[in-house]
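Keep the view open beside the text as you read.

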Amino acid sequence: MSADIIIYDKNSSASGIAVLENGTPAELEIITAGQAISGNIYLGKIIRKIELAGGKEGFFIDLGDGLEGFLNAEEYGLAELKLSEGQSIVVQVSQEKRAEKQPRLVRAVQLVGTYLVYCPYRLRVEASAKINDHQKMVEYMEKVKNLTTGQEGWILRTASVETDFAEVAREMEKLHDTYEQIRIKARSAQAPCLLYASPDPIFEHLTRHADSLAKLVTNNRNIEAEVKQQYADAFEVEICAAPFEKYGIDEVIAGALEKEITLKGGGRITIEETRACVAIDVDSGKDIGGGSLNRINEEAAYEIARQIRLRNLAGKIVIDFAGHSEYRYIKPLLDILEEELSKDSIKSHVAGLSRAGLAEVIRVRRRPSLQELMTDECPTCKGCGRVEKEA
């Protein structure tokens, strides 16, 4: 994935990040005020215990400021704690709220840096599977082990082997100190409260795209100095009063909330987000190209991959391409999806073709979809998009 422009529009109620590839919006991220962001660490208070299927248990945790989260008691090490209502516990948001589901919480907190992930609840050193330089990876893993103190774990990120180890060592110390500050605060704080706020998400995007990025456009002057300090002159920083408006991102968001997408060749894609899965249908529509279904489906495959990233669709995604359902016709389309989704920062797996002739994609769910963040279910039709006919 090669981004050339990142747009960061920040205000008091919400912040938006748009990643442009060759001038075309490829990713959108919206962060609302008061949201329990993935990575945040809280001193929560258990407010109720519930029985789950199979004799399992779960806990709803008060995070403060009207926020609640869910902690599965099956998490490793929780059974020994004998948790009860009213008890305080340190938890981290692992998955943000989506639809009617509360944020998912874990007790095994992690702190993510540029080069490392600090895992206080692990006892080993691991490395990202994306690291290609095996020799350097083994060398850095051994050096990290030598610097490890006590019972703690580390994960080397892909960028770790692309810098001098002295930088990695400095980040080890920084992450370790951050965790110690969290522990100190947790001992004296009154639950529920926020112990640690994840870094501004813009920095994750900047770090990921620093090699190809030409420009950051933002209305937030406070972040300009910090960006310059961290990235020097690696890319231009442009201050703009209304960056989303200037680059037409508001229109892109409006389009990404529509159910139907008309293809240039005349075909049509319909995207339905349901509780069970995301269903995508392709049909020929008003085929003005005079070509075959293969051409329509091929154009649709490229656009579907783009829409998955743009709308942040996740979980199980099923696609019904136009006309054909035989593997020999669908295989080239699966190849397009796999190639295009390989550019995605979020892990996706093209599972293949079901017996019913539906293409299947599974994408890791990290944050709510754009629709979940920007819209509410209609109180009249209850989300079905239909109303009762008049007699």
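Two strands count as paired if DSSP finds at least two bridges between them. Strands (E, at least two residues) and helices (H or I, at least four residues) are DSSP runs, numbered from the N terminus. This is a predicted model, in which local features need pLDDT of at least 70 and side-chain atom pairs count only at pLDDT 80 or more, while totals for chains, interfaces and linings use all residues. Residues are numbered from 1 along each chain as its sequence is written, and side-chain values use heavy atoms, with hydrogens and water left out.

**The five-stranded sheet**

Let us begin with the open sheet of 5 strands, whose order is β3-β2-β1-β14-β15, with mixed pairing. Its edge strands are β3 (24-32) and β15 (236-239), each of which pairs on one side only. Ignoring direction, neighbouring strands here are turned by 15° against each other on average; such angles run from 0 to 180 degrees between N-to-C directions, with axes as lines fitted to C-alpha atoms, for helices over the stretch in contact.

Strand β2 (residues 14-21) runs antiparallel to β3, and 8 bridges join the two. Which residue of β3 is the bridge partner of Ser15? That partner is Ile31. In the loop between β2 and β3 you will find Asn22, whose phi is near 55°, a positive value in a residue other than glycine. Most residues other than glycine have a negative phi, and most peptide bonds are trans.

Helix α3 lies across β1 (5-10), β2, β3 and β14 (215-218) and runs at about 175° to β1. Helix α4 touches β1, β14 and β15, and its direction makes about 170° with that of β15.

**The four-stranded sheet**

A second open sheet has 4 strands in the order β9-β10-β12-β11, again with mixed pairing. Strands β9 (111-112) and β11 (125-127) stand at the edges with a single partner strand each, so one side of each is left without a neighbour in the sheet. The pairing of β9 with β10 (residues 116-119) is antiparallel over 2 bridges, and Val112 stands opposite Val117 in β10.

Helix α1 (residues 134-147) packs on this sheet by touching β10, β11 and β12 (153-156), and its direction makes about 155° with that of β11. Helix α2 (residues 165-188) lies across β9, β10 and β12, running at about 35° to β10.

Rings count as an aromatic pair if the centres of Phe, Tyr or Trp (its six-membered ring) lie within 6.5 Å, with planes under 30 degrees apart called stacked, over 60 edge-to-face and the rest tilted. By this rule there are 5 aromatic pairs. In one of them, the ring centres of Tyr118 and Tyr179 are 5.7 Å apart and the planes stand at 80°, so the pair is edge-to-face. Tyr118 belongs to strand β10 and Tyr179 to helix α2, so the pair ties together parts that are 61 residues apart in sequence.

**Helix against helix**

Two packed helices are described by the angle between their axes and the distance between the axes. Here are two such pairs.

| Helix pair | Axes come within | Crossing angle |
|---|---|---|
| α1 and α2 | 11 Å | roughly 35° |
| α3 (residues 202-209) and α4 (residues 221-231) | 12 Å | roughly 30° |

Ile202, Phe203, Leu206 and Thr207 of α3 meet Ile223, Glu226, Val227, Gln230 and Tyr231 of α4. These residues divide into 6 nonpolar, 2 polar and 1 charged, where Ala, Val, Leu, Ile, Met, Phe, Trp, Tyr, Cys and Pro count as nonpolar, Asp, Glu, Lys and Arg as charged, and the others, Gly among them, as polar.

The crossing of α1 and α2 is right-handed too. Tyr140, Lys143, Val144 and Leu147 of α1 make the contact with Phe165, Val168, Ala169 and Met172 of α2, a set with 7 nonpolar, no polar and 1 charged.

**A hairpin and a cis bond**

Strands β20 (residues 348-353) and β21 (residues 359-363) run antiparallel, joined by 5 bridges, and His349 stands opposite Ile362 in β21. Their hairpin has 5 residues between the strands, and Gly357 takes a positive phi near 85°. Finally, look at the loop between α2 and β13 (193-196), where Pro192 is found: the peptide bond from Ala191 to Pro192 is cis, with omega near 0°.

How values were computed: Contact means heavy atoms within 4.5 Å. A crossing is left-handed if the near helix is turned anticlockwise from the far one by less than a right angle, and right-handed if clockwise.
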